[in-house]
Amino acid sequence: MCGATCASMADALTRCIDAISNVFKRQESIIWSGQNACDIPCYPIKPLDPHVIGACTGPLSGLSHIQLDNDGPNVPVPAAGIAVWNIQLSEAIGISISLYDHKVGGGAGRHGDPNADVYAVIARPNNAILAVADGCNWGPKPRQAARCAANGSVQHLNELLFGSSAPSSTQEVVQVILDSFNSAQKSIVRNGGTTTTLCVAVVCELVKPQGDLRWGLCVVSVGDSPCFVWQNTTRQVLEVTSAAHEGHNRDMRDSGGCLGTSVGDEPDLGNLICSFTLLAEGDIVFVTSDGVSDNFDPVTLHEGATTHGPSASPPVSLPVLTPDQRQAGLIANLTQVIRGIKPQLKNEPIHAWELKEAIVKHVIDVTDNQRACMESSLKSVDDPELSTVERRARELEFKEKLKTMGGKLDHATLAVYEVCRYHNSCA
C-alpha cells in the first residue's frame, strides 16, 4: 500500500474516532459508577412485578445445570427460581456461539469446546434481569464456574427482588445485585469451579420519571463482560460499564478481575464496578462476553494499533490509539453495525431480535478469514507425508498469515432486553 493511501486511511480513522469520542464523552456524563451501592443515585422505584413473561438461558442447559461430572441436558431445567426457562419473548433473548475453528475430522467439534459462557434473561412486566458469565480459559471447570456464578446470582435476585422485603430504590437494587455476587462466589467454590467473569443488569421502573426516562438500569460487573445500551432516540451506543477499564488499555489475556478461585478460594475484585444509567422506553440493554465486544475493538480488527498487550507491535500503516480512542472506536463500530440494520429508516426503532442478529452476523463475518486459515492450517500440517522440518515450516507460515487477519476467535455470548412496560400490546 502506498504511503499516501496509508496516510489518508490514518487521517480518516483519526477524524472518525475524534468525532465519536466527543459523542462518547457526552454520553458518559449520564453514567454513575463506583464500587459501592452508595455511589449510585437513589431513585425510588415501583414495586417489582414477580410475574415472569419471558425467560431463557444457554447455551444448552445454561445456568440450570451445575454438576461438574457431566455436560447436562441439551435444554434448561427448572433452576435459580425459574420453573420454565423457555418462555419465548422476542424482546428478551440470548445467544451463545463458538467462533473457534472446527477440529480436523468430521464430527470432532471445535477448538475451545466446551463453551464456557453462560447467559440468562428474565423479563417481567416492569423489570428484567440479564446475566452473562464467561469462564476464564477452556474446559469443564471454567464452564462450571460460569454456570455456578450465573445460577447463584440469579437465584439470589429471584429470592430478594420481590415480596415484602423487596428493594424500593435503585441503590437498594444495586446492593441486592452486589450481595448476589457473594452467592455466586460461594456456589463456584462449593461446586468445584475455577474462575469466571460476571455481569448482571437489572432494569426497574422509576416512581418519578426523569422526563422521558422512566426506567433505571442497575449493573454490577467483574471481569471483561460489558453492558451496553442502544438508545433508539439518539441512535447511539453507550457502554454502562466503561468505568471498569477507563484510561486503561484492554489486554485480551487478562479479564481484569473474576469470581472463583483466583487466590485460593478468593475472587479477584480488581475491576468490580457498580454502574447506573437512566433509560427510555424502547432502549435496548445488552450484556456481552468479550468474544463479542473484542470483535468490535479497532485494534482487534486491525483498524488501529496499541503499544500495550499482545498487539503491541503495530503495523507501521496503522495509527496508535490511546485507551480513550480505542474505546471510542469500539463504540463507533458497534454504532455503525446497529445503525446499519435500518440505514434508510432513521425514525424506525430497532428491536432486540434485530440487534442480536446484526451483532452475531458481525462477529462471525470478522472472524471468517481467521477461522478458515486455522482449519486449512490444521489439514495441511496433518499430512502424514510431511517431514518434521516441513511441518514446522508450514506451521510458521500459517502463524505469520494469521497475524495479518483481524478478529478474535472466542465464544460469543449476548443477552438482550428491549425496555417496555409489558402489557398485551408490548408482549
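1. Strand S8 is largely enclosed by the rest of the structure, because 8 of its 10 residues are buried. The model is a predicted one, and that applies to every point in this note. S8 covers residues 213-222.

2. With S7 the pairing is antiparallel and consists of 9 bridges. Within it, Gln210 has Leu213 of S8 as its bridge partner. S7 and S8 make a hairpin with 2 residues between the strands, and Gly211 there has a positive phi near 70°.

3. S8 also pairs with strand S13, residues 273-279, again in the antiparallel sense and over 7 bridges.

4. Strand S7, residues 198-210, leads on to S5, with which it forms an antiparallel pair of 6 bridges. Here Val132 faces Cys199 of S7.

5. How many of the residues of strand S5 are buried? The count is 8 of 8 for residues 127-134, so S5 is largely enclosed by the rest of the structure. Asn127, Ile129, Ala131 and Ala133 point one way from the strand, while Ala128, Leu130, Val132 and Asp134 point the other way; the residues of both sets are buried.

6. S5 is also joined to strand S4, residues 117-124, by 8 bridges, and the two run antiparallel. Ala120 has Ala131 in S5 as its bridge partner. S4 and S5 form a hairpin, with 2 residues between them.

7. The loop between S8 and strand S9 (227-231) contains Ser225. Is Ser225 buried or exposed? Its relative accessibility is 2%, so Ser225 counts as buried, the cut-off being under 20%. The side chain of Ser225 makes a polar contact of 2.7 Å with the side chain of Thr197. Apart from neighbours within four places in sequence, Ser225 is in contact with Val132, Asp134, Thr197, Cys199, Thr288 and Ser289. Of these, Val132 and Asp134 point the same way from S5.

8. Gly223 is in the loop between S8 and S9 as well. Gly223 counts as buried because its relative accessibility is 8%. Leaving out neighbours within four places in sequence, the contacts of Gly223 are with Thr197, Ser255, Gly257 and Asn271. The C-alpha atom of Gly223 is separated by 8.4 Å from that of Gly270, which lies 47 residues away along the chain.

9. Strand S11, residues 258-263, is joined to S12 by 2 bridges, and Val263 stands opposite Glu266 in S12.

10. How many disulfides does a search of the whole structure find? The search finds 0. A disulfide is a covalent bond between the sulfur atoms of two cysteines. For Cys258, the closest cysteine sulfur is in Cys136, at 5.1 Å, which is too far for a bond because a disulfide needs the sulfur atoms within 2.5 Å. Cys258 is buried, with a relative accessible area of 8%, whereas Cys42 is partly exposed at 48%.

11. Some totals give the wider setting. The protein has 7 helices and 15 strands. Of its 427 residues, 54% are buried. The protein exposes about 18,200 Å², and carbon and sulfur atoms supply 52% of that area. Among contacts between residues at least 6 apart in sequence, 77% join residues at least 24 apart.

Methods:
Residues are numbered from 1 along each chain as its sequence is written. This is a predicted model: local features need pLDDT of at least 70, side-chain atom pairs count only at pLDDT 80 or more; totals for chains, interfaces and linings use all residues. Side-chain values use heavy atoms; hydrogens and water are left out. Helices (H or I, at least four residues) and strands (E, at least two) are DSSP runs, numbered from the N terminus. Buried means under 20% relative accessible area, exposed over 50%, partly exposed in between (1.4 Å probe, protein chains only). Contact means heavy atoms within 4.5 Å. Accessible areas come from the Shrake-Rupley method with a 1.4 Å probe; for residues, only the protein chains shown count as cover. Two strands pair if DSSP finds at least two bridges between them. A polar contact is a pair of N or O atoms within 3.5 Å; within protein, one must be able to donate a hydrogen and the other to accept it, and residues adjacent in sequence count only if both atoms are side-chain atoms.
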